[in-house]
Amino acid sequence: MTMLSLRDFAVKRRDKQILQGINLEIGPSEIVGLIGPNGAGKTTLMRACLGLIPSQGHSSLAAMSSRDRGRAAAWMPQAREIAWPVDVETLIRLGRIPHLVAGQKPSAADTAAVERAIARMGLEDYRHRTATHLSGGEQARVLIARSLAQEAPLLMADEPTAGLDPAHQIATMQTFAALARTGQSVLVSLHDLGLAARHCTRIVMLHSGGIAADGPPRDVLTPDLIRAAFGISAYLQETPDGIIFQPLEVLS
């Protein structure tokens with residue numbers, strides 16, 4: 001089963017070619033980290049493959065109807081503004097909308113999905129609090145939970161760990177790993193290469209308008225590739241506790 005398929009995929013914005021020649025397949029049980037310097041096109045790629053902005057080439061998700069796409073992929077954008085002063089549980093329940101027809105009330109299965117999402121993000125004590133009154137990091141956890149409640153085969157998250165403290169960054173990535181163990185997959189854009197190295201099963205590096213590398217963390221986070229894409233040196237070490245990656249210096 002393929003969660004996402006891109007073939008000869010390209011995006012042009014305002015007559016500028018942002019991405020071209022993108023070929024990508026995501027299968028079950030993967031945590032795919034999307035990395036690259038600022039402006040590499042990470043957000044653009046994710047939005048385009050969902051059909052949210054114009055593109056060229058083939059995207060299996062963009063080719064679907066909006067209803068089918070909502071069941072196939074959950075989308076957590078980088079923007080985290082919560083506009084309505086609803087309680088946390090109600091906001092998380094919105095993740096079940098793709099599974100409901102107009103006027104249909106949530107079923108026992110919908111309620112169970114919401115409860116699983118609340119538990120995964122440790123939000124049991126927040127369920128009755130007003131979402132707009134939470135801190136930025138707490139709101140981020142609520143929005144991740146809303147995406148989890150959707151229980152789509154593919155979760156696409158744009159910088160989901162930004163603004164979270166270290167414990168919740170790690171917990172979020174561990175939650176993604178738990179999803180992968182059940183057969184779901186995650187495509188997650190990250191600036192923290194250390195998190196990507198330790199928690200992603202696969203890394204896709206964007207650079208110069210295309211995919212510069214695609215493979216296991218140890219094969220992508222090499223000195224030469226990191227230098228070419230980010231202009232830095234870095235330390236990479238495989239340990240019994242997993243891969244440790246630490247950026248070191250900006251190279252001239």
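These are my notebook entries on a predicted protein model.

**Entry 1: the whole protein**

I began with the overall build and found nine helices and 11 strands in the protein. Next I looked up the extent of the C-alpha trace, which spans about 55 × 40 × 35 Å along its principal axes. For a compact globule of 252 residues I would expect a radius of gyration near 18 Å, and the protein has 18 Å, so the two agree.

**Entry 2: a visit to arginine 96**

Where does arginine 96 sit? I found arginine 96 in the loop between helix H3 (88–93) and helix H4 (108–120). Is arginine 96 buried or exposed? Its relative accessibility is 7%, and because buried means under 20%, arginine 96 counts as buried.

Then I listed its neighbours, skipping residues up to four places away in sequence: arginine 96 touches Asp110, Ala113, Val114, Ala149, Gln150 and Glu151. For alanine 149 I noted a polar detail, as its backbone oxygen lies 2.8 Å from a polar atom of the arginine 96 side chain. I also checked alanine 109, 13 residues from arginine 96 along the chain; their C-alpha atoms are 9.8 Å apart.

**Entry 3: rings**

I searched for aromatic pairs and the structure holds zero. I did find a charge over a ring: the charged end of arginine 141 sits over tyrosine 126, 5.5 Å from the ring centre.

Definitions and conventions
Residues numbered from 1 in each chain as written. Predicted model: local features only at pLDDT ≥ 70, side-chain atom pairs only at ≥ 80, totals over all residues. Heavy atoms only, no water. Helix = DSSP H or I, 4+ residues; strand = E, 2+ residues; numbered from the N terminus. Buried < 20%, exposed > 50% of the residue type's maximum accessible area, 1.4 Å probe, protein only. Contact = heavy atoms within 4.5 Å. Polar contact = N/O pair within 3.5 Å; in protein donor to acceptor, adjacent residues only side chain to side chain. Phe/Tyr/Trp six-rings, centres within 6.5 Å; stacked < 30°, edge-to-face > 60°. Lys NZ or Arg CZ within 6 Å of the ring centre and 35° of its normal. Rg over C-alpha atoms; globule rule 2.2 N^0.38 Å.
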